[in-house]
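This report describes a protein model, from its overall composition to selected local features. The sequence and structure are shown first.

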Amino acid sequence: MNNAHTIPLPKLIVEFESDAEKGLNSEVAQLRLKKYGSNIIQTGKGKHPLKIFLSQFNNLMVYLLMFAAGMSFWFKEYLDATAILLVILVNATIGFWMELQAARSMNELKKMASVPSKVYRDSVIFEIPSENVVPGDILFVEAGDMITADARIISAIQLSVNESSLTGEAMPVDKIVSELSDDVALADRTNMLHKGTFVTNGNANALIVATAMQTELGKIAHLVQGAEQSATPLEKKLQVFSRKLIYITLALVVLIFIVGMFTHGDYVEMLETAIALAVAAIPEGLPIVATLALAQGMMKMARHNVIVKKLSAVETLGGTTVICTDKTGTLTQNKIEVTDLILADETSENNKEVMQQIAVLCNTASIQISENDIIEIGDPLETGLLKYAHKDGVNFDQLRKQFPKINEVPFSSETKMMATLHSNENGFRVYAKGATEEILDQCSHIILGSEIQSLNEETKKHWKEKSEQLAASGLRVIAGAFKETASKDILLTSNLVFAGLYGMMDPPADDVLAAITECKKAGIKVVMITGDHPATANYIANQLGISENNTAIIGKDMQAVSQLSESDKQVWLNTSVFARVTPNHKLDLVTVLQEKGNIVGMTGDGVNDAPALKKADIGIAMGKRGTQVAQEVADMVLKDDKFSSIVHTIKHGRVIFSNIQEFVIYLLSCNLSELFLVSLAALSNLHFQLIPLQILFINLITDVLPALALGVSKGSPFVMKLKPRNSAEPLLKTRQWYAVWIYAAIISLCTLGAVFFSHYVLHTEERFDPKLCNNILFFTLIFCQLFHVFNMASAKTSFTQSEVFRNKYVWYALLSSGLIVLSVLFIPPAREALNIQPLKANDWFLVIISALLSLLVIQILKRTKLIQDEDLY
């Protein structure tokens with residue numbers, strides 16, 4: 001609806017057949033969902049399966065193979081040509097399946113990261129997936145919420161909205177309720193909420209007038225439909241890596257062809273050799289196996305309550321050096337209970353009643369009480385206050401009717417307090433709660449019995465010291481205050497009457513100590529950043545081993561980055577606890593840590609945390625208590641808000657990257673061994689050269705299934721005992737390249753050794769048989785490469801206890817590959833195309849022994865540390 005901002009509100013509600021207080025009937029909502037469809041912005045259709053399949057043929061490797069097939073047709077080698085085309089088709093099918101699986105995994109992740117909406121249905125507020133909201137729904141939004149549809153505001157309390165995503169205006173817009181004229185521009189429609197924007201302050205009820213593509217955001221969605229997703233850093237490294245490999249291969253092909261022409265003169269034979277070299281050098285399965293490993297890894301993380309929203313974040317996780325984490329709910333259990341109530345006047349029943357009223361009325365949370373359970377909705381601190389009042393027998397409904405709320409100053413990380421205005425039969429009353437220091441600074445009086453007396457500085461100091469003592473014992477302390485007023489047009493947060501303190505216990509989570517210990521072993525520093533009292537922060541930090549002293553930097557003592565000296569920055573770097581901080585302090589801390597070369601993970605839950613989450617290398621939003629804005633800008637979302645989930649994710653990120661390195665090393669060393677053998681046979685004029693079709697078959701066997709199995713390995717048990725990896729480093733380091741060359745050389749020597757042993761020892765009485773020599777070379781190379789998968793395991797564990805040996809998918813891959821190899825011997829067309837024949841028992845024995853010898857030699861070199869292919873970070 002284009003003119004919803006101009007229509008009188010009562011008329012608009014009638015038009016949509018809704019109810020401002022009760023919302024829609026559930027049955028009506030379901031019918032409207034069928035009528036209007038899901039509330040989803042179409043940002044371009046997904047890649048069609050046919051397009052994915054055809055894209056498998058669009059690469060240099062396939063072009064080379066097609067050229068080889070064309071040459072085979074030219075020389076009337078129709079069987080070879082058909083077989084090459086068949087291999088191209090099989091490779092394309094495998095690539096298509098893997099890319100389809102990766103795309104499906106990413107779609108599942110998108111569903112998990114769906115933003116919820118709070119709407120009124122049947123007079124009750126429900127949280128539903130935003131895809132299910134419909135025109136006519138009554139939407140409730142508050143600070144930190146993403147607005148999920150276009151809506152006309154019905155009621156609002158100090159509401160301001162950031163509309164930069166729609167209008168480009170960076171400053172939040174204050175919102176009103178009254179209708180506007182028809183000619184008002186989109187950016188000036190202050191009585192409307194728009195999909196894709198977010199609430200920065202206050203709360204509101206609003207009537208949804210448009211969903212999906214009918215929203216203002218939907219109308220401009222075509223602007224992003226053509227946008228291409230950029231490659232992740234890892235994908236870029238793989239692209240650069242593959243490009244260099246292609247250039248080296250082409251140069252080598254040209255060189256071998258020229259040398260061969262001068263030495264042999266048979267251009268047909270040399271052309272086949274050149275094609276065989278090209279086929280041998282390029283690990284065609286590398287990019288798609290890497291993408292699938294990343295996508296499957298992200299799905300595994302999702303099953304552990306962590307939604308990683310960006311592929312690039314998986315790579316960055318392995319290099320994290322500092323985790324800046326909140327205290328409440330992340331390091332602690334987030335089960336807050338009021339354990340101590342310290343009244344301004346311990347003997348006054350009136351004082352206790354006021355503290356109960358503050359707990360219930362200065363509160364936006366709710367609890368639903370049944371016989372067996374209490375369902376908590378809202379901030380855990382506020383639900384803790386409600387549970388305290390409930391235990392004391394307070395009737396919530398009766399109290400709220402007696403003191404209806406007419407205004408509110410929401411809690412913010414800057415003011416560290418909240419206040420509400422209520423009417424009663426004698427006028428108006430303000431209730432406030434917040435950090436002890438801030439509340440006391442705004443109090444001018446104190447309640448003593450039935451009297452209200454002036455509050456002097458000495459008494460304020462006494463209560464601040466009392467708060468310090470409670471905080472030092474591990475309690476989270478907040479203060480309560482109130483005031484009577486004859487007018488509602490007043491400043492709610494000044495001239496308050498101090499009423500007392502709530503001491504609340506939130507013990508450390510059971511699994512956090514072990515997780516922090518694991519971080520220390522992994523070279524990761526944990527920094528606690530909290531808005532809580534320094535004494536409480538230090539108490540929890542000492543219990544968890546984050547800090548061994550009681551030194552916390554307090555937010556008010558933190559200068560802006562531009563004003564910090566080098567010594568000040570060093571103090572920040574050496575500190576593990578920051579208390580009473582604001583979101584700006586978080587942003588400054590991230591900046592200082594990054595300036596010193598750290599890879600920073602930052603947790604956040606509030607709307608004002610978004611800049612720090614965006615600035616951090618890994619922004620980590622809370623799934624339970626985090627605002628939708630924080631979740632939107634973060635790289636990952638913790639569905640359970642647990643610190644141990646962060647550590648598990650870092651471990652999994654390291655494992656994924658380590659797995660990718662393993663199968664890159666595996667594929668390279670296998671393909672390089674083929675390159676060595678083809679080159680050596682060509683330059684030495686050996687008569688048992690591998691033909692291109694044989695190399696294609698070998699790559700089909702070794703480049704796919706074993707590499708995929710390595711990609712889903714559980715990883716080395718030592719992965720969290722290594723220092724963080726530098727993300728700027730290349731995919732493979734110098735020592736790993738050295739290992740690749742050594743592996744390839746050993747596989748090549750063992751393979752050639754088998755051929756020569758067969759000819760000069762096993763078959764000395766027989767005439768030289770090039771086909772037999774070729775077959776010994778062919779089968780030995782296959783089994784050398786298959787057994788080589790076990791060399792990718794860590795040398796720090798015993799062979800049979802290694803992560804590769806105990807990986808069931810490796811065994812499935814080897815069994816499947818072995819069966820495929822043996823089956824071609826019983827299929828005459830395949831046997832003829834590959835130019836192979838059945839071997840005698842002693843030849844098979846030689847093949848297996850030679851393959852095991854290559855495995856044994858490499859294992860000895862690894863375990864004596866003459867070769868090191870593990871990433872030591």
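## Overall organisation

A contact is defined here as heavy atoms within 4.5 Å. Of the contacts in the protein with a separation of 6 or more, 73% are between residues 24 or more positions apart. The model is predicted: local features need pLDDT of at least 70 and side-chain atom pairs count only at pLDDT 80 or more, whereas totals for chains, interfaces and linings use all residues. Residues are numbered from 1 along each chain as its sequence is written, and side-chain values use heavy atoms, with hydrogens and water left out.

The secondary structure comprises 31 helices and 25 strands, taken as DSSP runs numbered from the N terminus (helices: H or I, at least four residues; strands: E, at least two). Of the 873 residues, 55% count as buried; buried means under 20% relative accessible area, exposed over 50%, and partly exposed in between, with a 1.4 Å probe and protein chains only. The protein exposes about 38400 Å², 57% of which is supplied by carbon and sulfur atoms; accessible areas come from the Shrake-Rupley method with a 1.4 Å probe, and for residues only the protein chains shown count as cover.

Strand β24 (residues 618-622) is largely enclosed by the rest of the structure, because 5 of its 5 residues are buried. In a regular strand the side chains alternate between the two faces of the sheet. In β24, Ile 618, Ile 620 and Met 622 are buried on one side, and Gly 619 and Ala 621 are buried on the other.

Two strands are said to pair if DSSP finds at least two bridges between them. Strand β23 (residues 600-604) runs parallel to β24 and is joined to it by 4 bridges, with Met 602 opposite Gly 619. Strand β25 (residues 636-638) also pairs with β24 in the parallel sense, over 3 bridges; here Met 636 is the bridge partner of Ile 620.

## A buried and an exposed helix residue

Gln 356 lies in helix α13 (residues 349-361) and is buried, with a relative accessible area of 14%. Neighbours within four places in sequence aside, Gln 356 is in contact with Tyr 388, Asp 392 and Val 394.

Tyr 760 belongs to helix α27 (residues 734-762) and is exposed, with a relative accessible area of 55%. Together with Phe 756, Phe 757 and Val 761, Tyr 760 forms a nonpolar surface patch with about 400 Å² of accessible area. Patches are made of residues with over 30% relative accessible area and no salt bridge, with like charges joined within 9 Å and nonpolar side chains (Val, Leu, Ile, Met, Phe, Trp, Tyr) within 5 Å. A salt bridge is a side-chain nitrogen of Lys or Arg within 4 Å of a carboxyl oxygen of Asp or Glu.
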